[in-house]
Amino acid sequence: MTDLTTLGIAAIRDGVRDGQFKAREVAEAFNAKVAGADALNAFLVKTPEHALAAADAADAARAAGETLKPLAGVPIGMKDLFATKGVATTAASKILEGFVPPYESTVSQNLWNAGAGMLGKLNLDQFAMGSSNETSAFGHVISPWRRPNDTAPLAPGGSSGGSSTAVSAGLAPGATGTDTGGSIRQPAAFTGISGIKPTYGRCSRWGTIAFASSLDQAGPMARDVRDCAIMLEAMAGFDAKDATSLKLDVPNWEAALSTDLKGKKVGVPKEYRVDGMPAEIEALWQQGIDWMRDAGAEIVEVSLPHTKYALPAYYIIAPAEASSNLARYDGVRYGLRDLPEGAGLQDMYAATRAAGFGDEVKRRILIGTYVLSAGFYDAYYTQAQKVRTLIARDFERAFEQCDVLLTPTAPSAAFALGEKQADPLAMYLNDVFTVPASLAGLPAMSVPGGLDKDGLPLGLQIIGKPLDEQGVLNAGLAIEQRAGFTARPQAWW
């Protein structure tokens with residue numbers, strides 16, 4: 001019999017529906033794989049009973065002749081940024097250690113309503129702040145990929161590093177991620193999987209622990225484009241509890257998938273050819289352009305003149321919003337409380353935050369508080385918001401000439417853990433290709449395009465018009481079909 005953990009979301013869904021295997025067999029197979037992969041540190045909490053309960057419900061529904069739910073029999077991993085009722089939710093931070101929410105996030109509830117089961121809560125960069133999954137208070141996530149003849153652990157990308165590792169290593173057929181400046185797309189590229197950040201507002205943010213509220217957006221990470229489309233359909237939808245949620249019907253993205261790009265124009269932004277870009281990234285980008293042409297698309301060069309200001313603007317806006325959002329962690333209502341003997345209220349605040357927040361979180365809170373302070377607000381925050389408007393306008397003008405944009409996802413393949421930790425600016429440069437789409441709230445996806453000289457995955461990014469997830473998914477599918485990417489990490493864990 002086929003190893004059920006080699007199957008993706010569509011294959012599991014269809015297999016359970018057709019009676020090829022039972023949902024419980026699938027859940028048991030993935031639970032066993034999760035239990036044996038502690039060396040990767042992808043899961044912070046394991047919930048085998050949740051996966052089995054959902055599987056049993058799917059099997060019972062099929063036995064009774066009922067119509068199965070869209071994700072019946074499919075177990076997934078849940079990034080530990082989504083509140084899960086009765087299951088610890090920490091955002092990978094000591095300040096929330098031991099916090100068990102009495103409520104369920106909208107995105108996770110949507111997935112459970114669709115029949116999915118939860119294998120566990122996935123590790124991440126603390127409060128989703130990081131590009132390598134080295135800022136978690138509960139240890140680094142380690143990529144399942146390795147360079148040949150080299151045992152140095154590699155970064156799985158961030159902040160959704162637990163999600164990317166779990167899917168790439170076959171511990172889950174799909175996982176939720178969140179993307180603030182590239183936290184779905186960059187880890188997907190590093191681990192040879194697919195991931196899509198939908199249009200801002202497609203997925204509710206209610207019950208998702210906030211980093212930067214005007215940027216955070218949930219999305220799926222899975223083995224291929226079809227699986228991402230299936231999962232996104234279940235995750236998305238209007239939510240009255242989220243003021244930024246879009247009141248729109250969820251399209252049937254899977255049914256409309258097509259690799260035929262005839263009549264479509266694919267834009268190539270000239271500003272994304274940055275100094276010092278590795279030749280391998282340049283070559284992959286050119287290969288992607290050729291694949292798009294082969295799929296019937298016309299290639300046009302476009303300009304996004306304010307691209308060079310995107311990263312500095314992002315690292316003003318995101319920390320400013322983080323400074324405001326993280327003020328709620330004060331030791332009073334939930335989570336960690338550090339109360340030195342004889343301390344007053346202010347002393348408790350200071351001691352709790354000093355002990356609970358990691359260095360990267362503190363760094364961003366300090367930056368954010370500084371740029372929001374009197375005398376600097378206009379000089380930094382207001383200017384950054386103006387730049388954000390110009391970046392969004394650049395995209396609008398580019399989309400007058402094309403339907404989607406094609407760029408590399410990241411400026412390099414996965415790097416070794418510890419390699420960039422001492423230099424925050426070098427780490428921040430990992431987001432150079434992903435941040436502009438986040439600032440503009442656009443749908444964007446990473447799909448694997450090939451391997452570098454060390455046999456590590458490289459990704460291509462497709463950026464679409466607002467609400468055109470279909471165009472992004474179709475272009476991603478066209479690349480996926482032509483790239484024929486089937487590489488998987490060799491199990492060492």
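Welcome to this structure, where the UniProt annotation "domain: Amidase", from an unreviewed entry, covers residues 25–473. Such UniProt positions follow the numbering used here, feature names are shortened, and annotations may be inferred rather than shown by experiment. This is a predicted model, in which local features need pLDDT of at least 70 and side-chain atom pairs count only at pLDDT 80 or more, while totals for chains, interfaces and linings use all residues. Residues are numbered from 1 along each chain as its sequence is written, and side-chain values use heavy atoms, with hydrogens and water left out.

**The annotated span**

- Residues 25–473 are 35% helix and 14% strand, where helices (H or I, at least four residues) and strands (E, at least two) are DSSP runs numbered from the N terminus.
- The end C-alpha atoms of this span, residues 25–473, are 31 Å apart.

- Helix H12 takes in residues 377–398, and its 22 residues should span 32 Å at 1.5 Å a residue; the end C-alpha atoms lie 31 Å apart, which agrees. The expected span is 1.5 Å times one less than the number of residues.
- Tyr 381, Ala 384, Val 387, Arg 388, Ile 391, Asp 394, Phe 395 and Ala 398 of H12 are buried. Buried means under 20% relative accessible area, exposed over 50%, and partly exposed in between (1.4 Å probe, protein chains only).
- An α-helix has 3.6 residues a turn, so residues three or four places apart point the same way.
- Contact here means heavy atoms within 4.5 Å.

- The axes of H11 and H12 come within 7 Å and cross at roughly 105 degrees, which makes H11 roughly perpendicular to H12. Axes are lines fitted to C-alpha atoms, for helices over the stretch in contact, and angles run from 0 to 180 degrees between N-to-C directions.
- Angles under 35 degrees count as roughly parallel, over 145 as roughly antiparallel, 65 to 115 as roughly perpendicular and the rest as oblique.
- Where these two helices touch, Tyr 370, Val 371 and Leu 372 of H11 meet Tyr 377, Tyr 380 and Tyr 381 of H12. The residues of this contact are six nonpolar, no polar and no charged. Ala, Val, Leu, Ile, Met, Phe, Trp, Tyr, Cys and Pro count as nonpolar, Asp, Glu, Lys and Arg as charged, and the others, Gly among them, as polar.
- Helix H4 (residues 106–113) and helix H7 (residues 225–235) have axes that come within 8 Å and cross at roughly 110 degrees, making H4 roughly perpendicular to H7.
- Val 107, Asn 110 and Leu 111 in H4 meet Met 231, Ala 234 and Met 235 in H7; the contact has five nonpolar residues, one polar and no charged.

**Backbone details in the loops**

- Most residues other than glycine have a negative phi, and most peptide bonds are trans.
- A cis peptide bond, with omega of about 5 degrees, joins Gly 158 and Ser 159. Ser 159 sits in the loop between strand S3 (117–122) and helix H5 (161–168).
- Asn 133 is also found in the loop between S3 and H5. Its phi is positive, near 60 degrees, and Asn 133 counts as buried because its relative accessibility is 0%.
- Leu 467, in the loop between S11 and helix H15 (469–483), has a positive phi of about 70 degrees. At 38% relative accessibility, Leu 467 counts as partly exposed.

**After H15**

- Gln 490 lies in the segment after H15 and is exposed, with a relative accessible area of 67%.
- Gln 490 and Trp 145 are 345 residues apart along the chain, and their C-alpha atoms are separated by 7.2 Å.
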